[in-house]
Amino acid sequence: MNTFRTRIIEADDTFFDGELESLTVPAADGEYGVMANHENLVVAIIPGIVRYRTADGQDLVASVSDGMMRIEDNDVLILVDSAEHPDEIDIEKVKQKEIAAREAMLQKKSVREYALAEASLKRAIARQRLKGEGLN
């Protein structure tokens, strides 16, 4: 099968660097899929779950924060603040962050503070979904 090079870069580390057969990222208008020889473009990524299949056929998933994806000449670059595999997630801490984010959204602070709380909530929900704790 055809592959393409992909790099997933976190704020402070390289999360993944290798060849993929397919990739799906969360975007504002739904999930966005990528395969080899995809057209060049830039897509905004929202907090959610990235699904990818490596060149050796291994299916992997990860939780990501806001960021962006650039596709150029069969090379994909994903820049996010953070990315995690399911086994790296502490579900109790995530549930606490979800509760705090919901409370912050209810306090009707500035637009900026509301947006930050909303992003934190979306990330907490995505991490819980990835970990398999319900939340359909």
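**View 1. Helix 1 and helix 2 of this predicted model are roughly antiparallel to each other.** Two packed helices are described by the angle between their axes and the distance between the axes. The axes of helix 1 (residues 91-106) and helix 2 (residues 111-131) cross at roughly 150°, and an angle over 145 degrees counts as roughly antiparallel. These two axes come within 8 Å, and helix 1 passes helix 2 in a left-handed crossing.

**View 2. Residues of helix 1 meet residues of helix 2.** Helix 1 contributes I91, V94, K95, K97, E98, A101, R102, A104 and M105 to this contact. Among the residues that they meet in helix 2 are Y114, A117, L121, A124 and I125. The residues of the contact comprise 10 nonpolar, two polar and seven charged.

**View 3. The largest nonpolar core of the model has 22 residues.** Those with the most contacts inside this core are L23, Y52, M69, V76 and I78. Several strands give two or more residues to the core, including strand 1 (4-9), strand 5 (48-54) and strand 8 (75-80). Strand 2 gives the most, with six residues.

**View 4. V76 has contacts with residues beyond its neighbours within four places in sequence.** Such partners of V76 include F4, T6, L23, V34, M69 and I71.

**View 5. S22 is found in strand 2.** This residue is partly exposed, with a relative accessible area of 25%. Not counting residues up to four places away in sequence, S22 touches F4, V34, M35, R51, Y52 and R53. S22 and T6 are 16 residues apart in sequence, and their C-alpha atoms are 9.9 Å apart in space.

Methods
Residues numbered from 1 in each chain as written. Predicted model: local features only at pLDDT ≥ 70, side-chain atom pairs only at ≥ 80, totals over all residues. Heavy atoms only, no water. Core = buried A, V, L, I, M, F, W, Y, C linked by side-chain atoms within 4.5 Å. Buried < 20%, exposed > 50% of the residue type's maximum accessible area, 1.4 Å probe, protein only. Helix = DSSP H or I, 4+ residues; strand = E, 2+ residues; numbered from the N terminus. Contact = heavy atoms within 4.5 Å. Axes fitted to C-alpha atoms, helices over the stretch in contact; angles between N-to-C directions. Parallel < 35°, antiparallel > 145°, perpendicular 65-115°, else oblique. Left-handed = near helix turned anticlockwise from the far one by under 90°. Nonpolar A, V, L, I, M, F, W, Y, C, P; charged D, E, K, R; others polar.
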